[in-house]
Amino acid sequence: MVASVASNGGGSWHAVDKWRELPPCPLRLNSVRRGFQVEMLSGADMLIRSLQEEDVDYIFGYPGGAALHIYDAVFKQNRIQHVLVRHEQAATHMADGYARSTGRPGVVLVTSGPGATNAITGIATAYMDSIPMVIISGQVPSHLIGTDSFQETDMVGVSRPIVKHSFLLRSATEIPEVVKKAFYIATSGRPGPVVIDVPKDITNPTDLHEFVYPEELVMRSYSPSSRGHSGQIRKAADILLRAERPMIYSGGGVVQGNGSPQLRKLAQMMNAPVTNTLMGLGAYPATDRQFVGMLGMHGTYEANMAMHNCDVLLAVGARFDDRITNTVSKFCPNATIIHVDIDPASISKTVTADVPIVGPVISVLDDLNAILETGLEGRSAEVNSALAAWWEQIAGWRQQDSLKVDLGDGSLIKPQQVIQSVYRATGGDAFVTSDVGQHQMFAALYYKFDEPRRWINSGGLGTMGFGLPAAMGVKIAHPDATVACITGEGSIQMNIQELSTCGQYGLPIKIINVNNRSLGMVKQWKDMQYEGRHSHSYMDSLPDFVKLVESYGHVGFKVTSPEELDHVMDEVFSLTNKLVFLDVWVDPEEHVYPMLVSPNGSLRDMWLGKGVRT
Amino acid sequence: MKRIISVLIENEPGALSRVVGLFAQRNYNIESLTVAATDDATLSRMTITTLASDNQIEQITKQLNKLIEVVKLVDLTEGEHVARELMLIKLRATGAQRAEVKRTSDIFRGQIVDVSNTAYTVLLTGTSEKLDAFLQAIADATVLEVVRSGVSGLSRGEKVLTM
């Protein structure tokens with residue numbers, strides 16, 4: 001039995017065999033209190049029961065010594081499915097993909113020490129993008145904490161800067177309340193990851209405790225905003241009604257806060273142009289005429305120009321990230337800024353808001369829409385004609401056609417064509433995950449997302465290796481949906497071991513490997529800022545990806561010529577029950593444009609092509 | 001500008017490390033920090049002094065408020081307040097210095113709380129500026145050891161920071 005445990009196993013084994021003395025059923029009714037029977041459970045069973053109470057259906061994890069009691073409790077029930085990954089980082093990204101695509105918290109279970117530290121990158125990824133996640137980490141027994149014992153890491157300490165909150169359990173009796181709090185904190189307000197560190201002795205199968213799951217929580221120190229300030233909302237409406245060059249800048253908060261319908265209504269009533277951030281794609285439909293494309297470092301010409309020239313900026317669920325603002329002092333120089341966000345600390349952090357509104361996107365925009373609905377009837381003729389002129393100006397910027405693809409001599413596949421081909425083959429209706437780099441920007445720009453939660457990428461942390469496990473989490477949550485992972489040969493190799501997990505659980509996702517034989521985004525910067533000195537930015541010894549995926553039992557294709565691309569792509573997506581890996585060899589010299597000029601540039605300072613500047 | 005922030009925080013293990021970690025992680029400065037349980041044993045009260053601009057202090061208070069364990073906080077420097085610090089200072093006290101140290105200590109209303117053949121330990125409370133002034137005044141004496149408590153403070157008048 002011991003030998004079958006993988007590398008993160010270990011720990012003390014004497015306690016593990018005690019389960020044999022227990023009846024197989026985790027539920028024992030042997031205590032009567034106040035006239036009714038109380039369940040007596042071990043800490044491990046209490047933990048799993050608590051997860052059941054939170055309606056958890058999947059746990060993504062990897063066992064090891066300190067988590068063995070918990071894993072035994074997982075084994076003895078069948079309401080929650082456990083997905084065994086090949087590396088804990090992938091477990092966190094799978095839970096993340098599950099959470100982003102459903103809006104429900106992802107749940108991760110790992111062991112102490114290396115299990116916990118391997119999860120860190122995925123926790124940081126979720127933290128940066130405000131994704132609800134609960135991470136349960138095994139910990140060495142309480143009496144060994146602080147003694148540098150085997151597989152001991154101070155998980156609460158290591159994860160502190162990258163979690164919304166964390167708990168170190170001190171007794172089994174606090175398990176129900178802590179789990180309840182963890183899920184509430186992870187999912188409410190600005191969502192985020194919450195760690196529960198569980199010392200092994202607390203999950204001991206022979207120590208039984210009364211299990212009562214709390215129905216309500218009292219937390220005097222945590223009460224996220226539930227409504228925006230009505231005076232501020234009225235002020236915002238007045239400014240919006242007088243806006244001659246309005247602009248709506250919407251971010252990941254609209255996706256996470258499920259505020260897409262409210263945003264669409266507001267934009268359409270106002271007849272205002274809308275841009276989405278990388279995290280906000282899909283919150284406003286990309287195929288709508290009012291959508292001007294993504295903004296920021298690789299935003300479209302029209303989105304960045306409209307931002308720079310607007311007179312009123314309505315920012316919703318966005319945080320004025322450095323990849324959006326370029327030089328802060330030159331950002332939207334003539335705009336009155338209204339900023340709606342659930343997190344007060346996001347407001348006026350980098351760019352000072354003229355009208356801050358703290359609250360959930362749905363309620364704030366509902367309140368705002370109610371005022372605008374009546375106010376718009378009286379919008380002055382002056383404002384209306386200014387608005388018409390604004391749209392004409394935007395139409396002029398659109399003429400630039402900043403996403404036009406130069407096909408060169410047509411002998412090489414351009415990476416943009418790959419995304420266009422995926423878009424065509426999936427009818428624009430797939431869940432698309434991505435890794436990080438050029439392919440991510442191409443996917444964001446060329447796949448037109450019309451619905452929220454369809455575009456799944458690591459925007460804040462920029463985590464290579466995110467795409468494949470995230471796609472797996474999405475597929476588990478949406479087994480009937482088409483799920484594509486757009487990746488590159490650099491990123492995919494950071495979690496490629498999960499092809500094995502895909503085989504075990506039968507996850508027929510489609511992996512589109514935009515293969516340029518180099519770390520494309522790094523290479524692009526080396527081309528542009530380091531006179532082409534490609535320091536360690538190419539891949540010299542790539543695997544034969546087709547053979548590699550075949551060895552895992554999947555289907556692999558390789559395509560190198562533009563003529564074959566669409567045909568092969570159709571075949572990839574026609575194999576609905578197979579994991580298909582498409583290795584597309586693309587032009588290695590391609591750059592992502594537009595690109596903001598930095599440092600010291602504003603949003604209107606862009607590279608539009610190699611050597612072509614605004 | 002120097003700011004004094006008072007924080008009511010759940011009296012739980014790890015809560016202090018979150019506050020200190022936040023300051024380090026976000027590159028904020030801590031001049032001094034005091035913390036102890038209040039009359040309500042479930043709550044601790046912290047006093048943090050920091051050097052920060054108006055924008056920075058807004059971010060610091062917002063980020064502190066985001067910590068789940070932080071119940072309430074106030075920037076004391078926004079209004080009238082009293083703030084005091086305690087200092088223990090051990091000085092070489094031999095020969096003529098013995099009388100001089102005693103005299104200076106009396107002027108500052110300090111108390112000599114420990115005496116040996118060669119040293120005095122002086123206890124002094126007051127504003128941070130007063131403690132600084134004492135250190136300057138006894139510059140000629142040999143200072144063996146200094147410990148300062150950091151600032152504790154309250155708002156003046158009726159204003160209170162409680163649950």
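Reader: Before we start, what should I know about the numbering and the confidence limits?

Author: Residues count from 1 along each chain as its sequence is written, while chains are lettered from A and ligands numbered from 1 in the order in which they are written. As this is a predicted model, local features need pLDDT of at least 70 and side-chain atom pairs count only at pLDDT 80 or more, whereas totals for chains, interfaces and linings use all residues.

Reader: Fine. How many domains is chain A divided into, and where do they run?

Author: The bounds come from an automatic or database domain assignment. For chain A that gives domain 1 (2–211), domain 2 (230–398) and domain 3 (415–592).

Reader: How do I read the contact between domain 2 of chain A and domain 3 of chain A?

Author: Start with the rule: two residues are in contact if their C-beta atoms, placed from the backbone, lie within 7 Å. Here 13 residues of domain 2 of chain A meet 14 residues of domain 3 of chain A, and the C-alpha centres of these two domains are 31 Å apart. For residue classes, Ala, Val, Leu, Ile, Met, Phe, Trp, Tyr, Cys and Pro are nonpolar, Asp, Glu, Lys and Arg are charged, and the others, Gly among them, are polar. On that count the domain 2 side touching domain 3 in chain A has eight nonpolar, five polar and no charged residues.

Reader: Let's do helices. At what angle do α1 and α2 of chain A pack?

Author: First, the elements: helices (H or I, at least four residues) and strands (E, at least two) are DSSP runs, numbered from the N terminus. Axes are lines fitted to C-alpha atoms, for helices over the stretch in contact, and angles run from 0 to 180 degrees between N-to-C directions. In chain A, α1 (residues 43–53) and α2 (residues 68–75) pack at about 55°, their axes 8 Å apart. That angle makes α1(A) oblique to α2(A); under 35 degrees is roughly parallel, over 145 roughly antiparallel, 65 to 115 roughly perpendicular, and the rest oblique.

Reader: Which hand does the crossing of α1(A) and α2(A) have, and which residues make the contact?

Author: The hand is left if the near helix is turned anticlockwise from the far one by less than a right angle, and right if clockwise. For α1(A) and α2(A) the crossing is right-handed. A:A44, A:D45, A:L47 and A:I48 of α1(A) meet A:H69, A:I70, A:D72, A:A73 and A:V74 of α2(A). By class, this contact has six nonpolar, one polar and two charged residues.

Reader: And what about α11 and α14 of chain A?

Author: Helix α11 (residues 301–309) and helix α14 (residues 381–398) of chain A cross at roughly 145°, with axes that come within 8 Å. This crossing, too, is right-handed. The residues involved are A:Y301, A:E302, A:M305 and A:A306 from α11(A), and A:I394, A:W397 and A:R398 from α14(A).

Reader: On to sheets. In what order do the strands lie in the sheet that contains β10 of chain A?

Author: Strands of a sheet pair through backbone hydrogen bonds, either parallel or antiparallel. Two strands pair if DSSP finds at least two bridges between them. This open sheet of six strands in chain A has the order β12-β11-β10-β13-β14-β15, with parallel pairing. Its edge strands, each pairing on one side only, are β12 (291–294) and β15 (355–358) of chain A. Inside it, β10 (residues 246–250) and β13 (residues 312–316) of chain A pair over five bridges, and A:S250 has A:V316 as its bridge partner in β13(A).

Reader: Which strands make up the sheet that contains β20 of chain A?

Author: Six strands form that open sheet, in the order β17-β16-β18-β19-β21-β20 (chain A), with parallel pairing. The edges are β17 (455–456) and β20 (555–559) of chain A. Five bridges tie β20(A) to β21 (residues 580–585) of chain A, and A:V559 stands opposite A:V584 in β21(A).

Reader: What does chain B look like by elements and domains?

Author: Chain B has four helices and nine strands, and divides into domain 1 (2–79) and domain 2 (82–152). The C-alpha centres of these two domains lie 29 Å apart. Their contact takes seven residues from domain 1 of chain B and five from domain 2 of chain B. On the domain 1 side, β2(B) gives the most, with three residues.

Reader: Last one: how many residues does each chain give to the contact of chain A with chain B?

Author: Chain A gives 13 residues and chain B gives 16 residues. The chain A side divides into seven nonpolar, three polar and three charged.
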